[in-house]
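I opened my notebook to get to know this structure. My plan was to look things up piece by piece and write down what I found.

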Amino acid sequence: MTDDQLKERVRDAVDIVQIIGERVSLKKAGKAYVARCPFHTEKTPSFNVNPELQIYKCFGCGVGGDVFSFLMAYDKISFPEALRALAERAGIPLTDAAGRKHQARREANDPYYQANALAREYFVDSLNDAEKGASAREYLSRRGLSKETIGKFGLGYAPDSWDGLLALARIRGIAPNILVDSGLAVRNEKGRVYDRFRGRVAFPITNDSGRVVAFGARTLDPDGEPKYLNSSESPVYQKNRILYGLYHARDAIRREKSVFVVEGYMDVIRLMQDGIENVVATCGTSLTAEHGRLLRRYSDRIILVFDGDTAGERAAVRAGD
Ligand code: ZN
């Protein structure tokens with residue numbers, strides 16, 4: 001999102017009448033509101049606020065503008081300060097703008113993000129490999145996922161190999177330790193390191209800037225255990241702070257003013273493909289207070305859609321707390 005888009009979004013989310021009304025005593029006059037001008041001395045009110053256009057204008061001294069210029073003039077603050085104050089009030093995270101460039105640069109140089117990006121590349125290439133990816137492609141199409149959906153969510157396939165990702169990482173200069181610490185590889189008691197995900201469809205899990213921080217992976221073996229395997233936690237992945245699908249769902253959550261929380265990655269993907277886009281899932285954990293705080297940055301209306309079995313109900317009740 002550009003700075004202009006952020007400004008637009010913040011302007012849409014606040015009400016100029018309310019903001020000015022907290023500082024100046026406004027009286028309703030027809031469709032507008034009037035006051036004695038705070039920017040020049042006068043006895044009769046010539047200061048007008050127009051709720052439809054979300055602007056103000058003084059017919060005495062000529063000042064006028066939108067909610068940002070009012071706050072800058074009245075509170076004597078800069079534009080970034082006004083933007084910050086109003087964004088906070090509207091619950092719109094500022095990481096969307098100023099913080100984003102900095103965050104992007106920092107993340108690009110972080111080895112844990114690099115390891116996860118490499119894993120996604122490897123899994124996607126494997127899914128597209130005519131031979132290796134055949135069974136995974138067959139599984140995904142049986143589940144009704146379109147090519148666009150598979151691409152949008154970056155779905156891939158972890159081949160049935162003990163060291164496919166490790167070998168590629170070695171070529172790219174990423175140390176086995178980084179893969180282990182990223183939760184993508186495992187070290188056994190004998191000190192041998194091997195790929196964590198083997199013979200599984202891989203669902204990349206992204207943070208709120210869209211960068212891959214972990215994977216959920218479903219086995220293709222009907223007898224395979226566990227059915228779903230997740231990356232272990234790492235410096236960039238704490239599962240009680242990450243919601244699957246949030247990066248894609250954010251705009252829809254704001255638009256719909258509500259969010260559905262479901263249990264599985266596949267539920268999120270299928271619903272989004274069918275046009276219900278304000279939906280996220282937890283990553284193999286129950287909903288935490290941290291998740292609640294994260295979601296409330298986007299909407300206050302959180303709808304839990306959990307399985308009707310006892311485990312699902314227990315999870316929903318805990319989450320309700
Ligand atoms: Zn005036």
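I began with helix 9, residues 164–171, and asked which of its residues are buried. They are G164, L165, L166, L168 and A169. Buried here means under 20% relative accessible area, exposed over 50% and partly exposed in between, with a 1.4 Å probe and protein chains only. Helices (H or I, at least four residues) and strands (E, at least two) are DSSP runs, numbered from the N terminus.

Just after helix 9, I noted G173 with a positive phi of about 80°.

I then wrote down the ground rules. This is a predicted model, in which local features need pLDDT of at least 70 and side-chain atom pairs count only at pLDDT 80 or more, while totals for chains, interfaces and linings use all residues. Residues are numbered from 1 along each chain as its sequence is written, and side-chain values use heavy atoms, with hydrogens and water left out.

I turned to the metal. Which protein atoms are donors of the zinc ion? I found C37 (SG), H40 (ND1), C58 (SG) and C61 (SG), at 2.1 to 2.3 Å from the ion. Donors are N, O and S atoms within 2.8 Å of the metal (3.2 Å for Na, K and Ca); water is not among the atoms, so sites may look incomplete. In sequence, the spacing of the donor residues reads C-x2-H-x17-C-x2-C. The four donor atoms make angles of 101 to 123°, and the site is tetrahedral. For four donors, that label requires all angles to lie between 85 and 135 degrees.

C58 has a relative accessible area of 1%, so C58 is buried. C61 has 36%, so C61 is partly exposed.

Five strands form it in the order 1-2-3-4-5, with antiparallel pairing. Strand 1 (27–29) and strand 5 (64–65) stand at the edges with a single partner strand each, so one side of each has no neighbour in the sheet. Two strands pair if DSSP finds at least two bridges between them. Strand 1 and strand 2 (residues 32–35) run antiparallel and are joined by three bridges. There K28 stands opposite Y33 in strand 2.

Strand 13 (residues 259–262) pairs with strand 15 (residues 302–304) in the parallel sense over three bridges. V259 has I302 as its bridge partner in strand 15. Strand 13 also pairs with strand 14 (residues 279–282), again parallel and over three bridges. V262 stands opposite A281 in strand 14.

I stopped at L271 in helix 12 (residues 265–273). Is L271 buried or partly exposed? Its relative accessible area is 27%, so L271 is partly exposed. Leaving aside neighbours within four places in sequence, L271 is in contact with V262, I276 and V279. Contact means heavy atoms within 4.5 Å.

Last, I looked at the whole protein chain. I counted 14 helices and 15 strands. Buried residues make up 44% of the 321 residues. The C-alpha atoms fill a box of roughly 85 × 45 × 35 Å along the principal axes.

Technical notes
Four donors count as tetrahedral if all angles lie between 85 and 135 degrees; four count as square planar and six as octahedral if opposite donors are over 155 degrees apart and all others between 65 and 115; anything else is irregular.
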